[in-house]
Amino acid sequence: METLQDMFSFQFNQRALLAALMIGFLNGYAGGYVVLRKGSLFAGALSHTLFPGIAIGAIIAGLNPYSALVGAFVMALVVGLGSQGVASYSRVDREAAMAIFYTAATAGGLLILERLGTYVRVEDYLFGNILRVSNWDLWFMFWAGFAVLAVLILFQRPLLVFIFSPELAASHGLSPRAMDYLLAALVVITMVTSLQAVGALLALGLLVAPAATLYLFVNSPRLIFWGGGLLGMTLAAGSVVLTNLLNVQTGPALVVLLAVVFLIGFVLSPRYGLLARFRAVQDIRHR
Amino acid sequence: MTNPREEHRHHVLRAERLHVHYGPICALHDVTLELTCGTAAALVGGNGAGKSTFMKRVVGLIPPSAGEVIWRGEPIAKSTHEIAYLPQRSDIAWTFPMTVRGLVELGRYPLLGPWRRFRTEDRDAVQHAMNLMRIDDLADRQIGALSGGQQQRAMIARALAQDAHVLLLDEPFAGLDQPSQELLAHLLRDLVANGHLVVASHHDLKTVSGIFDVVVLLNGTVIAQGPSAEVMTAANLTRAFGASE
């Protein structure tokens with residue numbers, strides 16, 4: 001108990017905990033849409049555009065949190081919309097176009113940063129450093145998270161119909177294309193909020209793992225959204241405390257922890273786990 | 001709501017000179033049809049004959065190239081909850097974490113919009129639709145754990161919960177075993193008797209006449225339409241399929 005009190009007597013630890021709670025919940029909640037839409041690959045490609053975005057932001061306005069966030073957001077939108085455009089006007093699909101654009105963007109980002117000599121400092125943005133979260137970052141996480149959650153909660157019904165079946169959504173008079181863009185933009189904003197904490201390379205894990213874990217247990221989208229949010233929040237906050245005690249980096253430890261929890265769920269889930277499946281096969285054999 | 005019987009029995013769905021083009025390919029050419037509520041109509045034709053295209057065009061999933069769809073005397077400008085389209089069973093993600101009740105509840109969303117709360121009448125409509133389709137005992141089951149016939153009935157229950165008068169069904173009998181086909185046919189006949197208009201693409205020529213009152217033979221355009229017995233002649237089938245079946 002005393003150790004905890006000591007730990008949180010430091011302001012940077014308080015900020016880290018607050019950041020973990022906010023981005024943990026936001027990513028866990030929004031990740032439900034990504035998992036149910038089966039859009040993890042697309043989100044993964046988008047996450048790879050964050051890093052070159054930071055690089056281009058750095059060229060224009062120097063390497064700072066503002067330029068990093070704006071650069072990452074703009075780059076993800078450009079690559080996302082660009083590949084959607086290529087898919088609309090040619091026979092090449094969105095994923096293929098995206099693979100070309102985001103690898104090119106990453107390569108370009110590396111070349112630019114090497115040239116600028118800021119290569120090393122970028123590590124914080126690749127893997128995150130939650131102890132360097134500033135008050136400004138916290139406000140950004142709060143407002144961006146608030147906006148994303150507000151849209152996801154207010155438009156949950158149409159979004160749910162869309163991720164279940166875009167065709168059904170269209171027959172309800174909704175525009176699947178508009179919903180697709182809306183979700184992509186919300187996913188990008190969500191990943192940008194976790195740049196400081198887990199970095200561009202690991203943001204995807206925090207986004208997808210909590211909801212994927214819940215998906216192994218429950219049969220309701222709402223339980224996946226809220227449960228994912230709570231799981232993400234708990235594990236993120238827990239890893240701030242744990243890594244402080246063990247003196248290791250928070251971002252990478254959190255992503256490993258998420259994977260471990262997912263694997264435990266994968267084995268133990270009473271309905272959709274490996275053991276349940278094994279038991280069911282045994283039952284049939286013994287009959 | 002799910003019993004439109006008298007007031008809706010004479011509602012008419014009319015397609016006027018519909019054309020649909022996918023780029024340079026003409027999928028539907030000059031289709032004119034008139035279907036009245038209280039009828040079961042089969043769309044029969046080979047692959048690429050335009051059966052799905054016709055239904056998707058009616059419900060507004062495909063932008064119109066030319067022509068108009070008239071429902072109850074008015075052109076359909078936007079989608080209406082009164083006309084429901086049910087995609088082929090194979091086009092639905094059945095692993096989606098949703099119960100049967102959850103799926104049927106989706107049908108209330110067009111009526112409630114994004115924010116209005118579920119009221120007693122909404123819950124009643126959902127329950128009534130499940131009762132009609134005889135899936136009420138499966139309400140809490142995950143949709144992926146249903147048989148093919150049960151999945152089809154759950155989709156129809158969703159459309160009924162939407163207060164749809166017109167059901168456009170894409171190959172509803174595909175992949176169902178004999179008992180499931182018979183039950184589905186029986187339930188569809190009940191809906192028709194209650195004043196619904198059921199339009200379904202259908203590929204089994206042997207069962208067409210037993211289930212449907214009216215047949216529309218398609219091959220890019222309407223080859224023949226009318227009462228099943230009159231339309232299903234060898235000459236018409238040859239024209240629709242290119243060879244007699």
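Two strands are taken to pair if DSSP finds at least two bridges between them. Helices (H or I, at least four residues) and strands (E, at least two) are DSSP runs, numbered from the N terminus. This is a predicted model, in which local features need pLDDT of at least 70, side-chain atom pairs count only at pLDDT 80 or more, and totals for chains, interfaces and linings use all residues. Residues are numbered from 1 along each chain as its sequence is written, and side-chain values use heavy atoms, with hydrogens and water left out.

**The sheet of chain B**
- Chain B holds an open sheet of 4 strands in the order 2-1-4-5, with antiparallel pairing.
- Strand 2 (25-36) and strand 5 (74-75) of chain B stand at the edges with a single partner strand each, so one side of each has no neighbour in the sheet.
- Strand 4 (residues 66-71) of chain B is joined to strand 5 of chain B by 2 bridges in the antiparallel sense.
- Within strand 5 of chain B, B:Pro75 is the residue opposite B:Ile70.

**Helix 9 of chain A**
- Helix 9 (residues 156-164) of chain A is largely enclosed by the rest of the structure, because 9 of its 9 residues are buried (under 20% relative accessible area, 1.4 Å probe, protein chains only).
- Among these buried residues are A:Arg157, A:Pro158 and A:Phe164.

**A:Thr213**
- A:Thr213 lies in helix 12 (residues 195-215) of chain A and counts as buried at 5% relative accessibility.
- Beyond its neighbours within four places in sequence, A:Thr213 is in contact with A:Leu231, A:Val261 and A:Phe262 (heavy atoms within 4.5 Å).
- From A:Thr213 to A:Ala237 the separation is 24 residues in sequence and 17 Å in space, C-alpha to C-alpha.

Terms used: Chains lettered and ligands numbered in written order. Buried < 20%, exposed > 50% of the residue type's maximum accessible area, 1.4 Å probe, protein only.
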